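Have the structure open and follow along.

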Amino acid sequence: MRPEVAAAKVERVSTRAWSRHRTISAAVRAAKPGTVVAVAAGTYRECLVLDGTVTVMAENADGLVELVAAEGPALLVRAGTVTARGLTIRGDVTVTSGHLNLEDSRVEAGSVQLTGRATARLTGCSVDGAEDVAVGVADGARLDAERLRVTGAAVSATGSAVLTLTDAVLTDIPGVAVRLAGSASAVLTGCDIGGAADAGVEVRDASVLRLSGSQVHDVGGDGVRVLGNLPGDRAWWAAVRPGRADDHEIPEPPEGAGVVVRDCEISRTGAAGLVTGGTSGTLLVDTTVNRAGTAGVLAAQQSQLSVRNSTVTDSVQTGLALRDDAEVRWTGGALRTAAANGVFAVGASRLLMRDSAVTTCGFTAVHLTGTAAVTLLGVTVEGTSELGMRASGAAILHVRGGRVERAALGGIQIDDTADAQLRGLTVAGCHTGVRIDTPHRPLLQDCVIRDIAQTGVEVAAGAAPTITRTAVRRCGAAGIFIDVDAEPMLDDCEVAEIGGSGVAVWTGARPSMRRLTVTDTKKNGIYFGTGAHGSIADSTFSRTGYPAVYIGDDADPAFHRCAVHQADEDVSQGDRASATFTECHSSGVGAARWPSVAVPATVGAPAAVATSAAGIALQPDTVELQPLLDQLDELIGLTRVKQDVGTMVKLMHLVKRRREAGLAPPPMSRHLVFAGNPGTGKTTVARLYGQLLAALGMLSSGHLVEVDRGMLVGEYVGHTAPKTQAAFERALGGVLFIDEAYALVPEGQGGDFGREAISTLVKLMEDHREEVVVIVAGYPDLMRHFIAANPGLSSRFSRTLTFDDYSEVDMVRIVAKQAKDHDYRLSDGARDRVAEFFATVDRGEGFGNGRYARKVFQAMTEQHAGRISTLDDPTDEQLSTLEAVDLTDVDFDVRG
């Protein structure tokens, strides 16, 4: 007999004939409040209804007391406080009100159901054989279970129910093991959830989950599936949004909101280890996800997931996948041994990953596409079968610190229309280092690219990245390869121990390079292929296997203040090369064409190129200023603009002299508005303006970065500021030229992201007021509207240069100059015909001016080619002379 039975007032129940009570119900009816109903071993076929304070228990711990219902619930609690202990209940246990303590009992072929405001505590119980839901808590009911074992059916909480499971074991569930819906909340601690045909735990609607110290394993679907909606104030997520990069700790979600999975193990799932969807908010802490059947972690829709010190290993597909508008912040931990990508972000998803590792992936370790935005801070990527990181589509990648090692195909690739900022990153031990193949202007700054099997940095055709303070070392092929028509800017870079040429520049490419150091190359220090262009200043080449500098036929790079040391030969040129060299010299060179001491530029020297006895062109610099002013003066038309620029140059020169004398400079703004119609030379003047300021020492490089709305404005919240900042940083030291700037404030679109771009620009202009010049350009009327769009613009753009349309005479001069530049000439008749033609052109809105003149020249050359092709043996004069007849039937858009 149990001790508690002996000490209390007792009503005894037995199936024996002599017993006072032969049914439990009869004993309960006879019992007073607080009575213990002691039940002898046996089978009791009845529906036990309890609505008072009573204890029903097996009389002996070793005896089997079975309660069997023919129909309806076997045990129904309607009121009071009921304790049931040591029973085997074959049928349902239903609690509609009051409180039930069910201890050391078994429920077989039935379930435990709580509804209304009922409460229950289950201790050391098991539920087996229910058809759908083994344990169900609905409405506002509350269930607290410890050491519960559930087999064959789910545990469910709906409505505003509260469920607490401690050290529970759930096995062999046909569907989802634990289901939360409505506004239910659950706390699961130390649980073992396994063998479910679908998900281990599913959270829907506004339900709340705290899952800790538990295992979810061997399920057919997702381990933990969160598809709910974060209720109330989402301020918690303001602290964990991927757009923020501060170092504060991630706070816990507020009470009554979100999902927290802590110190758990999720393993051997048929689908994803963790899935978040809807507008849910989830925090994953100190958890391991192992051997997921698809993605280790999948964040979808508008869900927000924060992960701290967690590890995902051996995923059958991707380690971490993001799609739609999902946001993930990941700190610490690692993604290891994914059969596909380590990280794959698509759609408009966002990820901030800090101090983590992505290792041993079957595909690219970190791949973002669509309009995804990924920020990696101190992340290690190591051992991937494809690329270390790839940004494609229209994605944006930001990397600060960290490293990429042992990527079989390449370390970094930026392609399609993606953009990137890579700072302080090390790329090592990869097949290729970094490949840039995008029309945007990615930034590489303070990076190290080393121990590369092939090319260190590859700038693809047409690309124009900015590469600053970056070292490229120990590459099997070229250190930096600049493909056809590419226009990168390289500043303060080091290239060393290269198996091919240090820098290779291909046909039509036009790089701008400053402070470049190239040493220990097996081929050329710098190689300009046939028809290559560009400029290189303040650079040094030494210990090269081939001539330090090679210039192919029809290549015309300009070298300023460059030097070659310890090489067999300093310069080698093709017969048709036309490079220029200013203040360049060599030392320790076997076959030297450059002088041993740099020849300084002579103030006032003519701009014409002089040729030395060795055949190398030496061009005086005139302190770099006068040739630039000459170029400005040679521009056709633009009388007012030339005068305004000349005035500003004089003012800047005065500023420079006052600073050198220790005097305060006069107040001035270098930022400008260029107001004019298309084709009036705004971009050309902007480029010269930057070069003039560089020559005066007001800018460090003077290079031009040309952008438009599409390069500044993102497609979703949080995308615009990073794009604008990236464009601005590429322009540091030079000119940021924003064409059609008024497009940033379109009429009738108050919520447009363009205003965010303007606000970002205003702040950056203030923070870097001595490092950059911003020029905004467009139609005069629309530019006035643009300046009025933000209070900070009018104070920063106090000077407007007006670009007048070209006159008919100017248009004729442009066509004639085009002809001369392309080895044609206009006959007198052709010149008259061109003048007549421009006198008849409709100069309505959008007239293309100089661009239109160039179209006319192109049309004439095409008609000329058709006419000459009918001649059997045309003379040289016929081949090069455009006649009046070559300007007939011209029909194309007059706009720019």
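Strand 77 (residues 735-739) and strand 78 (residues 773-778) run parallel and are joined by 5 bridges. Val 735 sits opposite Val 773 in strand 78. Keep in mind that this is a predicted model.

Zoom out, and that pair belongs to an open sheet of 5 strands, ordered 76-77-78-75-79, with parallel pairing. Strand 76 and strand 79 (799-803) are the edges: each has a single partner strand, so one side of each has no neighbour in the sheet. From one strand to the next, the twist averages 20°. Helix 5 (residues 639-660) packs on this sheet, where it touches strand 75 (672-676) and strand 79, and its direction makes about 150° with that of strand 79.

| Residue | Loop between | Relative accessibility |
|---|---|---|
| Met 698 | helix 6 (682-695) and strand 76 (704-707) | 9% |
| Thr 35 | helix 2 (24-30) and strand 2 (36-39) | 2% |

Is Met 698 buried or exposed? It counts as buried, because its relative accessibility is 9%. Beyond its neighbours within four places in sequence, Met 698 contacts Met 652, Val 655, Arg 659, Arg 670, Leu 693 and Glu 770. Its C-alpha atom is 9.1 Å from that of Val 772, a residue 74 positions away along the chain.

Thr 35 counts as buried too, at 2%. Its side chain reaches the backbone oxygen of Lys 32 at 2.6 Å. Leaving out neighbours within four places in sequence, Thr 35 has contacts that include Lys 9, Val 10 and Glu 11, along with Thr 53, Val 54 and Thr 55.

Methods
Residues are numbered from 1 along each chain as its sequence is written. This is a predicted model: local features need pLDDT of at least 70, side-chain atom pairs count only at pLDDT 80 or more; totals for chains, interfaces and linings use all residues. Side-chain values use heavy atoms; hydrogens and water are left out. Helices (H or I, at least four residues) and strands (E, at least two) are DSSP runs, numbered from the N terminus. Buried means under 20% relative accessible area, exposed over 50%, partly exposed in between (1.4 Å probe, protein chains only). Contact means heavy atoms within 4.5 Å. A polar contact is a pair of N or O atoms within 3.5 Å; within protein, one must be able to donate a hydrogen and the other to accept it, and residues adjacent in sequence count only if both atoms are side-chain atoms. Two strands pair if DSSP finds at least two bridges between them. Axes are lines fitted to C-alpha atoms, for helices over the stretch in contact, and angles run from 0 to 180 degrees between N-to-C directions.
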